[in-house]
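Colleague: I've got a few minutes and a new model to look at. Can you walk me through it?

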Amino acid sequence: MQITDVVSLEVEDGIGFLIVNNPPVNALGQKVRQGLADGIAAAQADAAIRAVVIIAEGRTFPAGADITEFGKPPQPPALPDVCQIIEDCAKPVVAALHGTALGGGFEIALSSHYRIADKGAKIGLPEINLGLLPGASGTQRMPRITGAGPALDMMLSGKPVPVARGRDMGVIDEIAEGDLRKAAKAYALKLLKMGWGRRPTSERREGFKDMGAYNNLIVERRAELQKKAKGQLAPFKILDCVALAADPSVPFAEAMKAERAAFMECLASDQSKGMIHAFFAERQTAKIPEAKAATPRDLNKLAVIGGGTMGAGIAVAVLDAGLPVVMIERDAESLERGRANVEKVYARNVAKGRMSEAQKDAVMARWTGSVDYGVLADVDLVIEAVFEEMEVKKAVFAQLDAAMRPGAILATNTSYLNIDELAATISRPEDVIGLHFFSPANIMKLLEIVVPAKVTADVVVTAFDLAKRLGKIPVRAGVCDGFIGNRILATYRRASDYMMEDGASPYQIDAAIRDFGYPMGPYQVSDLAGGDIGWATRKRKAATRPPEERYVQIADRICENGWFGQKTGRGYYRYDGRVSVEDPEVLEIIAAERKRAGITPRDFTDDEIIERYFAAMINEGCNVLDEGIALRPLDIDVTLLYGYAFPRWRGGPMKYADMVGLDVILKRIESYAAEDAHFWQPSPLLQRLVAEGRTFDDLNKGN
Ligand code: 3H9
């Protein structure tokens, strides 16, 4: 019997299967909620049904509420009410889980009386990743079964766990091998035979056995969060709700009202809007114009040129994806160093118990090395990761052009060089693309796919296909100095240096940026990355720097002392191991530089630091968009979120700009232009958007 378009009820041997079929992930949209509520009613009314099994078609049990409905007017029945209807069913209800039973999906399961799961399934409450809390009884029902520890671990980490772990926690009753529907039926029939009836989770108490430990844990976690999640709403609301769950003076229905109120408060917050934007944005970046026009080329064998930090990291990323990789180096010694760089990563995995020695050997068997480009003849795609110097790269590309078969793809990992110029030096510019990995390349999720003028669409889609296989988040970028990420970085770093020379200390700037939500400020990052790299770039670019550009020399003075950051023990900070302290000598250098430049230092408030830093970031983001370097504002957001540690709960710089108001940002830039009209030129796109009353979100939607 069809209950709604997406929920049906089938009866088999006294068991009513309430089946959800709402691809792709069976999200709990209105029709699913209605279907479950009406389906339970129908099952209760049907004398032929003795027990109900809630199960889903397709790849997964519901993976949560339908996130696309958030922000729209609520459409009844609300999910917490559906959960209560399930629990109140007069006949035993079994949830049969497969795939990823997440968020509201897992809450449906917790509201059922019993839970059976396919052995490969995962369960989780990932709402925190969307700036939310489990808002359909997860904060109330789960701790009743598990106590505070496992419930808080799941809700505060947002990480799904295998169902075997769920069984240990007590939230999964049975694990099924083979066909889930058959197993669920057998389980339901067994329950009936044993005479086990309804088992309402809201009436369970085993999680409250040790209230001392329960309450201590709440206090401990609150202290941790005050350090780790300062300024964030959802984590603290989760704690409040889990504390309330165990309060004997608060009835379940009252606590549910409090959970609902907390959920609605989070849902209305900018934090949740930012995180929900990030969720959809990171799935949108793979949607590119070339996808319609082409199919990917085959990729079976990859090669990496260079075994340094980047080359080895890329090789590991390829090996981790299960593909073979050939590493080319200029001589035997460098090749051995490259191999050691790769092996080191797996040796660490073995040491940490993440893989066995035999598994490491099996992975390393897919690594081969050579000093002879001749071995590249059967390779489908090569990624060049040699020294960041155009002439060096051109020489490598000439050799690749000679060695590689027709139809093979030649990729460069350059982080800012002109790929059109590089491509023009070989016979097949249509096969050349940029694959800009971020360090460490095997860990960082972002992959800027840089699309030069002559490349064919199938090469572009192959690069996106590769990103997916490597588990990366790809962003399509055009050719310019620094592409999307490094170009924007260079601009906001300059804004930061101007503030430093004008009177803010690097320590104040770092603290303000951390308070905004970054894990580190820009000068801490510089010390971590090594000041020498930026210094070399600045020297190289000195000749082409426009004379009207303001140039701050503080970093050069620091580098001239050999203070390159953590690796030399001094940079903007002094280091004792990883512990850093502010350095009065750096402040002296800054004072001397201000004097040399004729600047009388002034005070900056933390707010002004934030306003200027992000105005520079957003304005350059607009230029990047206007020039077609980024497809949409969301591509910039994803780049900054995944490559530059922009706080996820703020959605990315362009989303943040929408929330602040584009008119506000433009006014700020116009006011700063009075002191430096060259740097603070408002982007024409920003001006147009403000004049037309449009937002970046409009651009994302193609409006
Ligand atoms: C919640 O439940 C709140 C409740 O506590 C209280 C409510 C009152 N809704 O990721 P994929 C789309 S909050 C709508 O590429 P995978 C996704 O956009 C929710 N759409 O597949 C994509 O669309 P497209 C808690 C959703 O196999 C397509 O499905 N739950 C939803 O790599 C395929 O997704 C979560 O936070 C959704 N809930 O990964 C889980 N989920 O093809 C969020 C996905 O047009 N979801 N879509 O780009 C996930 O983590 C992953 O999607 C999942 C599958 C692991 C399920």
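Modeller: Let's go through the ligand, then some helix packing, then a few backbone details.

Modeller: Keep in mind that this is a predicted model.

Colleague: What lies 2.7 Å from an oxygen atom of the ligand?

Modeller: That is a polar side-chain atom of Arg59. Glu127 also has a polar side-chain atom by a ligand oxygen, at 2.6 Å. Then there is Ala65, where a polar backbone atom is 2.8 Å from a nitrogen atom of the ligand.

Colleague: How much of the ligand's accessible area does the protein cover?

Modeller: It covers 73% of the 1,000 Å² that the ligand has on its own.

Colleague: Switching to helices. What numbers describe two packed helices?

Modeller: You give the angle between their axes and the distance between the axes.

Colleague: OK, H10 again. At what angle do the axes of H4 and H10 cross?

Modeller: Roughly 130 degrees, and the axes come within 9 Å. H4 covers residues 138-146. The two helices are therefore oblique to each other.

Colleague: Which residues meet there?

Modeller: On the H4 side, Gly138, Thr139, Gln140, Arg141 and Arg144. On the H10 side, Phe252, Ala255, Met256 and Glu259. By class, that contact has three nonpolar, three polar and three charged residues.

Colleague: Now H25 and H28. How far apart are their axes?

Modeller: They are 10 Å apart, and the helices pack at an angle of about 105 degrees. H25 is residues 606-626 and H28 is residues 662-672. That angle makes H25 roughly perpendicular to H28.

Colleague: Which residues make the contact?

Modeller: From H25, take Glu611, Arg612, Ala615, Ile618 and Asn619. From H28, take Ile665, Arg668, Ile669 and Tyr672. The residues of this contact divide into five nonpolar, one polar and three charged.

Colleague: New topic, the backbone. Is the peptide bond from Ser439 to Pro440 cis or trans?

Modeller: Cis, with omega near -10 degrees. Pro440 is in the loop between strand E16 (432-437) and strand E17 (446-451).

Colleague: What joins Pro23 and Pro24?

Modeller: A cis peptide bond, with omega of about 5 degrees. Pro24 sits in the loop between strand E3 (15-20) and helix H1 (30-45).

Colleague: One more. Is phi positive or negative at Asn26?

Modeller: Positive, at about 55 degrees, although Asn26 is not a glycine.

Colleague: And where does Asn26 lie?

Modeller: In the loop between E3 and H1. Pro24 is found in that loop too.

Colleague: Great, thanks.

Technical notes:
Residues numbered from 1 in each chain as written. Predicted model: local features only at pLDDT ≥ 70, side-chain atom pairs only at ≥ 80, totals over all residues. Heavy atoms only, no water. Polar contact = N/O pair within 3.5 Å; in protein donor to acceptor, adjacent residues only side chain to side chain. Areas by Shrake-Rupley, 256 points an atom, 1.4 Å probe, with all protein chains shown as cover. Axes fitted to C-alpha atoms, helices over the stretch in contact; angles between N-to-C directions. Helix = DSSP H or I, 4+ residues; strand = E, 2+ residues; numbered from the N terminus. Parallel < 35°, antiparallel > 145°, perpendicular 65-115°, else oblique. Contact = heavy atoms within 4.5 Å. Nonpolar A, V, L, I, M, F, W, Y, C, P; charged D, E, K, R; others polar.
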